Amino acid sequence: MRDIVIIGAGVIGSSIARELSKYDLKISVLEKESDVAVGTSKANSGIVHAGYDAKPNTLKGKLNVKGNAMFDDLSKELDFPFKRNGSLVLCFEEQEKEKLYQLKEQGEKNGVPGLKVISRKEILKLEPNVNQNVVAALYAPTGGIVCPYEMTIAYAENANTNGVDFYFHTEVKNIKKLETGFLIKTNQGDFESRLIINAAGVFADSIHNMISDHKIKIIPRKGEYCLFDKAVGNFTQRTLFQLPTKMGKGVLVTPTVDGNLLIGPTAVDIEDKREVSTTAEGLSIVLEKARITLKEIPMKQIITSFAGLRAHSIEDDFIIGEAKDVSGFIDVAGIESPGLSSAPAIAQMVENIVTEKLKPKEKENFDPIRKGIPKFREMSNQERRALIEKDCSYGRIVCRCETVTEGEIRSAIKRPLGARDLDGIKRRTRAGMGRCQSGFCLPKIMKILSEELDLPETEITKFGKQSNLVIGKDKEI
Ligand SMILES: Cc1cc2nc3c(=O)[nH]c(=O)nc-3n(C[C@H](O)[C@H](O)[C@H](O)COP(=O)(O)OP(=O)(O)OC[C@H]3O[C@@H](n4cnc5c(N)ncnc54)[C@H](O)[C@@H]3O)c2cc1C
Ligand SMILES: O=P(O)(O)OC[C@H](O)CO
Ligand code: FES
């Protein structure tokens with residue numbers, strides 16, 4: 001019998017796994033897909049929100065501000081990209097200026113430091129590409145940007161190094177209460193555990209409703225984006241929002257921490273929890289709304305589009321805690337935005353619930369430090385030379401657009417919870433994420449995966465399951 005089973009290896013399941021890996025507990029994470037960070041945690045805006053959007057005394061409000069303050073230390077400990085670039089909520093109508101002061105007051109009640117309303121002149125000095133019609137803005141110096149999948153991978157790797165087991169392709173199908181815990185039925189057999197932590201994202205209602213009579217409902221709220229080339233990564237320095245609406249924070253314009261420009265998302269409630277396609281209609285709404293924010297949009301620099309699903313609960317707040325009628329079953333559900341920003345604080349909140357229940361001993365050998373893959377593109381020539389001297393595979397560039405070397409790709413496969421497919425390589429190294437979107441580097445990455453995993457190229461997939469790219473040879477070369 002395990003002490004804890006965590007369902008879901010997104011940023012929430014992985015951050016909780018890492019916090020709990022400090023204790024002498026037998027913990028497993030069950031994930032239905034082929035890797036960590038394949039659900040909502042890979043497809044979002046990547047903003048570490050300052051914390052003025054949520055109503056005071058909500059979990060969203062409290063955990064956002066607490067989580068935000070943890071990012072500087074955490075990103076150093078776990079070696080993932082994070083930058084405090086600041087954010088602006090822009091107002092384009094004189095009569096709506098009052099709403100900025102209301103947001104400021106709400107933020108101050110939540111404990112957000114340094115908020116101030118700034119004038120048109122100040123905005124245009126900071127951000128010359130903002131539309132000249134702007135009237136005023138709320139400036140939040142603590143707003144930040146993070147790479148959401150690298151953060152998730154970093155948490156998961158560190159949890160794994162500290163003893164947490166991850167089971168991929170393992171879908172929870174049913175849960176039964178036992179006298180001393182739970183029997184969890186999956187497509188890969190049964191697991192028994194004293195506690196369950198439900199971190200299943202948009203599917204958290206299905207998991208909860210398997211065991212509790214107090215039913216919950218999660219509505220998938222889709223958001224579509226346009227991603228732009230690094231050539232326009234400096235188009236804005238800060239994250240630019242418009243005034244929020246009842247559907248959320250609206251279409252933003254932001255640099256990403258990896259140096260692209262990102263515009264989106266839409267917000268549309270849908271039925272299908274697997275529906276992440278982008279649409280001509282969605283993307284034209286994104287661009288239309290962004291035209292309110294910007295003087296012009298660098299249309300020729302769009303390199304791709306993507307969509308993610310918010311796990312919107314009808315309670316309109318995070319649902320965190322033991323289910324009322326099922327002792328030992330802990331929900332971490334309805335984690336829509338600001339879930340990424342709050343993840344470090346959510347993990348601590350769940351840690352408190354678990355330690356209260358199980359009273360575990362702290363491990364003596366817990367190691368909080370994780371080192372990421374060395375990034376050739378960020379090194380000085382001297383550092384590059386030293387690395388190539390140690391391992392010549394760092395001297396061969398595989399992805400030209402993103403300057404990723406063969407050494408980095410091999411390391412991404414060999415690490416704890418290493419990449420097993422092309423998307424796994426992308427998220428760990430950025431190989432394939434550049435302007436040509438894998439056109440040039442894909443065959444080389446397939447070959448490296450095939451060598452390292454000792455599999456024929458016909459078995460190399462994009463994201464597990466049936467996503468093979470090649471089915472055989474049409475002639476011997
Ligand atoms: C468009 C959009 C923009 C956003 N922008 C931001 C932002 O800028 N800042 C911010 O703070 N937040 C943002 N968010 C919210 C943030 O992305 C989420 O709060 C966060 O990623 C949720 O993580 P998660 O681990 O709960 O979910 P997920 O990442 O979806 O992880 C859940 C995992 O559970 C697995 N799973 C589901 N069912 C089962 C099962 N039966 N058995 C096994 N595994 C299962 C799934 O495969 C998945 O991997 C945004 C969300 C969206 C959609
Ligand atoms: O549209 P929201 O409010 O769900 O927010 C999503 C991101 O945090 C910002 O794009
Ligand atoms: S060469 Fe890799 S994305 Fe273009």
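**Figure 1. Glycine 259 sits in the hairpin of β15 and β16.** In this hairpin, 5 residues lie between the strands. Here glycine 259 takes a positive phi near 100°. The model shown is predicted. Strand β15 covers residues 252-255 and pairs with β16 in the antiparallel sense. The pairing runs over 4 bridges. One residue to look for is threonine 254, which stands opposite leucine 262 in β16.

**Figure 2. Strand β16 is covered on both faces.** This strand spans residues 261-264. Which residues of β16 lie on each side? Leu261 and Ile263 are on one side, and Leu262 and Gly264 are on the other. All four names belong to buried residues. Strand β13, residues 218-228, also pairs with β16. That pairing is antiparallel too, over 3 bridges. Leucine 227 has leucine 262 of β16 as its bridge partner. Strands of a sheet pair through backbone hydrogen bonds, either parallel or antiparallel.

**Figure 3. An open sheet has 3 strands in the order β3-β8-β4.** The pairing in this sheet is antiparallel. Which strands form the edges? They are β3 (47-48) and β4 (82-83), and each of them pairs on one side only. Strand β8 is made of residues 144-146. Between β3 and β8 there are 2 bridges, in the antiparallel sense. Look for valine 48, whose bridge partner in β8 is glycine 144.

**Figure 4. Ligand 2 is surrounded by residues that include Ser45, His49 and Ser337.** How far is a polar side-chain atom of serine 45 from an oxygen atom of ligand 2? The distance is 2.6 Å. A side-chain N or O atom of histidine 49 is 2.6 Å from an oxygen atom of ligand 2. For serine 337, a polar side-chain atom lies 2.6 Å from an oxygen atom of the ligand. Taken alone, ligand 2 exposes 300 Å², and the protein buries 90% of that.

**Figure 5. Lysine 249 lies in the loop between β14 and β15.** Strand β14 covers residues 239-242. Is lysine 249 buried or exposed? Its relative accessibility is 18%, and the cut-off for buried is under 20%. Lysine 249 therefore counts as buried.

**Figure 6. Ligand 1 has 38 residues around it.** Those that come nearest are Glu31, Ser41, Ile47, Ile335 and Ser341. By class, the shell holds 17 nonpolar, 15 polar and 6 charged residues. Several contacts involve oxygen atoms of the ligand. A polar side-chain atom of glutamate 31 lies 2.6 Å from one such oxygen atom. Isoleucine 335 has a polar backbone atom 2.5 Å from an oxygen atom of ligand 1. For a polar backbone atom of glycine 46, the distance to an oxygen atom of ligand 1 is 3.4 Å. Alone, ligand 1 exposes 1,000 Å², of which the protein buries 97%.

**Figure 7. Ligand 1 lies between domain 1 and domain 2.** Why does ligand 1 lie between them? Because both domains give residues to the shell around it. Domain 1 is made of 2-40, 149-216 and 315-358. Domain 2 is made of 82-144 and 219-313. The elements that each supply at least two residues of the shell are α1 (11-20), β18 (302-313) and α8 (339-358).

**Figure 8. Helices α1 and α8 both supply residues to the shell around ligand 1.** How many residues of α1 are buried? The count is 10 of its 10 residues. Among them are Val11, Ile12, Gly13, Arg18, Glu19 and Leu20. Proline 344 is found in helix α8. At 1% relative accessibility, proline 344 counts as buried. Cysteine 436 is 92 residues from proline 344 along the chain. The C-alpha atoms of these two are separated by 34 Å.

Methods. Residues are numbered from 1 along each chain as its sequence is written. Chains are lettered from A and ligands numbered from 1 in the order in which they are written. This is a predicted model: local features need pLDDT of at least 70, side-chain atom pairs count only at pLDDT 80 or more; totals for chains, interfaces and linings use all residues. Side-chain values use heavy atoms; hydrogens and water are left out. A residue is near a molecule or strand if one of its heavy atoms lies within 4 Å of it. A polar contact is a pair of N or O atoms within 3.5 Å; within protein, one must be able to donate a hydrogen and the other to accept it, and residues adjacent in sequence count only if both atoms are side-chain atoms. Accessible areas come from the Shrake-Rupley method with a 1.4 Å probe; for residues, only the protein chains shown count as cover. Buried means under 20% relative accessible area, exposed over 50%, partly exposed in between (1.4 Å probe, protein chains only). Two strands pair if DSSP finds at least two bridges between them. Ala, Val, Leu, Ile, Met, Phe, Trp, Tyr, Cys and Pro count as nonpolar, Asp, Glu, Lys and Arg as charged, and the others, Gly among them, as polar. Domain bounds come from an automatic or database domain assignment.
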